[in-house]
Amino acid sequence: MTVAQDPESPESSPQIPKWGQRHVQRLRRDAFFKRMRRKPAMSEESITVVDQPMLKRAVSAAALGNTMEWFDFGVYGYLAATLGKVFYPDASPAVQLLSTFATFAAAFVVRPLGGLFFGPLGDRIGRQKVLAATMIMMSIGTLAVGLIPSYDSIGIWAPILLLVARLVQGFSTGGEYGGATTFIAEYSPDKRRGFLGSWLDFGTFVGYAMGSGLVTILNAVLGDATMVEWGWRIPFFIAGPMGIIGLYLRLKLEDTPAFRKQLDEHDSKVKAQETGRSSIGKIFTVHWKALLICMGIVLLYNVTNYMVTSYLPTYFTEVVGRSQLSADLLVLSAMVVVVSIIVAVGRLTDRIGRKPVFVFGAIGQIVLAIPCFLLIQRSGWIGPLIACLLLGVVLACFAAPSASTLPALFPTRVRYAALSIGFNLSVSIFGGTTPLVTSALVSSTGSTMIPAYYLIISGVIGLIAVGFLRESATQPLDGSPPQVDSTEEAKDLYTEASALTGSSSADRSAR
């Protein structure tokens, strides 16, 4: 995925309403006063002017990793029934499905371990090196799934090898999203962090749509028997070249300005020893509030995400009784909505803030969950299609601001580690287990509305977390100087800051 848009200029930007301009100006003014109270006086040289070609490569390389990761998720979710027949042929259809989802969920068990390993490493040796390593591991794990012999060939070793491959994927993914969001956030100009961060999750849903779309085509062309025999391997083989391209792009990058600045301030060897000893402990003792907010927002986003992307295709076929093709097309419609609007929503968060968008999505989820699942259970196309489109809009409200909101919760010295730990703990406990838990609850209770209740609960928890969130739109990241698109903007920003601090000093003298 490449960033198609050039950096916005005042001449090319859409007109912002006056109330939006006042909101942005107030946010920036408040940010400057906070920084002036904590930091030495700002100089024009302390403002970072972003390298635009490097920024585009950074966004592209980070997003491609997410594209590959979610290509695999789309493939796995849409192949759940087929993989159950391949790796658990002697079990009943219900047990096959639960076993496949259990293997899917197992990858999430090791994600926090990956976060604990790769996160502090990224804060110590650099974001770029660790993101290259996670890309290699993800590629190996995904390709290995396609090479595993079937149960008919090697018996119990087939599901064991599938589990091992999924654990490798999960461990590497533990360092992927936290690193990618940190990388994009630390490269982005302050006023466009929401817009540029939204491209990361744009890559997420493009990857999912590519994976699920490919499986839909293969199911239609090859048929069930051929898919079980060998067709299921094709998508996993395709992921290998995608990983090589992503690795090439990541190796061509420099580390982020924020990380380089941190190393310039202290001797890198001393910094490495200091960070390795203390960062994890400080995350849980000093930054625990931010960690809980992070986990609440991630829960809100990922329960909805995995409900729609991983469980809904199975819900359509196993609970509602639709054909595989119609189920695939309906869920793909939700992905088309997300891909179509996510960048626009990300741009919107730079103008009105991240919190209003999260609140709108959370309230929408609470209100619409039951109506949507009642529509999903209807026959025909119109009701289920409307439900999928509405769920897509809600999902976009969570996906678009996440990559710009979560890194802003933590300072530079622990950002990668804290974000990786908080994100992966929440995803592992709540997000990745959504298909397994929901499927088990529907089977045990017989209630087809369990998914709706699950979404309502996650919406309420997420809304509480967002209530404690500090608005970060247009503000510099904690531990980073202001970042702008051009030298002209840096001069204007310095002039504005000088005028504001001068006025503040005059006011204090008068009092």
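# Calls and cut-offs in a predicted chain

Author: Among contacts in the chain between residues at least 6 apart in sequence, 87% join residues at least 24 apart, where contact means heavy atoms within 4.5 Å. This is a predicted model, in which local features need pLDDT of at least 70 and side-chain atom pairs count only at pLDDT 80 or more, while totals for chains, interfaces and linings use all residues. Residues are numbered from 1 along each chain as its sequence is written, and side-chain values use heavy atoms, with hydrogens and water left out.

Reader: How many helices and strands does the chain have, and what makes a run count as one?

Author: The chain has 21 helices and 2 strands. Both are DSSP runs numbered from the N terminus: a helix is H or I with at least four residues, and a strand is E with at least two.

Reader: What share of the chain counts as buried, and what does that word mean?

Author: Of the 511 residues, 57% count as buried. Buried means under 20% relative accessible area, exposed means over 50%, and partly exposed lies in between, with a 1.4 Å probe and protein chains only.

Reader: Why are H3 and H4 called roughly perpendicular?

Author: Two packed helices are described by the angle between their axes and the distance between the axes. Helix H3 (residues 80–87) and helix H4 (residues 93–109) pack at about 100°, with their axes 8 Å apart. Axes are lines fitted to C-alpha atoms, for helices over the stretch in contact, and the angles run from 0 to 180 degrees between N-to-C directions. Under 35 degrees counts as roughly parallel, over 145 as roughly antiparallel, 65 to 115 as roughly perpendicular, and the rest as oblique. H3 and H4 are therefore roughly perpendicular to each other. On the H3 side the contact is made by Ala80, Leu83, Gly84 and Lys85, and on the H4 side by Gln96, Leu97, Thr100 and Phe101. By class, this contact has 4 nonpolar, 3 polar and 1 charged residues (Ala, Val, Leu, Ile, Met, Phe, Trp, Tyr, Cys and Pro are nonpolar; Asp, Glu, Lys and Arg are charged; the others, Gly among them, are polar).

Reader: What makes H2 and H14 roughly parallel?

Author: Helix H2 (residues 52–78) and helix H14 (residues 288–320) pack at about 30°, with axes 8 Å apart. H2 and H14 are therefore roughly parallel to each other. Trp70, Phe73, Gly77 and Tyr78 of H2 meet Asn305, Tyr306, Thr309, Pro313 and Thr314 of H14. That contact has 5 nonpolar, 4 polar and no charged residues.

Reader: How do you know that glutamate 186 and arginine 415 form a salt bridge?

Author: A salt bridge is a side-chain nitrogen of Lys or Arg within 4 Å of a carboxyl oxygen of Asp or Glu. The closest N and O atoms of glutamate 186 and arginine 415 are 2.6 Å apart, which makes the pair a salt bridge. The pair links distant parts of the chain, with glutamate 186 in helix H9 (residues 176–187) and arginine 415 in helix H18 (residues 415–431), 229 residues apart. Both residues are buried.

Reader: What makes valine 442 buried, and what does valine 442 touch?

Author: Valine 442, in helix H19 (residues 434–445), has a relative accessible area of 11% and is therefore buried. Leaving aside neighbours within four places in sequence, valine 442 is in contact with Tyr311, Val319, Ser447, Ile450 and Pro451. Valine 442 and tyrosine 315 are 127 residues apart in sequence and 9.5 Å apart in space, C-alpha to C-alpha.

Reader: What is the phi of threonine 474, and where is this residue?

Author: Phi is near 70°, a positive value in a residue other than glycine. Threonine 474 is in the loop between helix H20 (450–467) and S2, and at 4% relative accessibility threonine 474 counts as buried.
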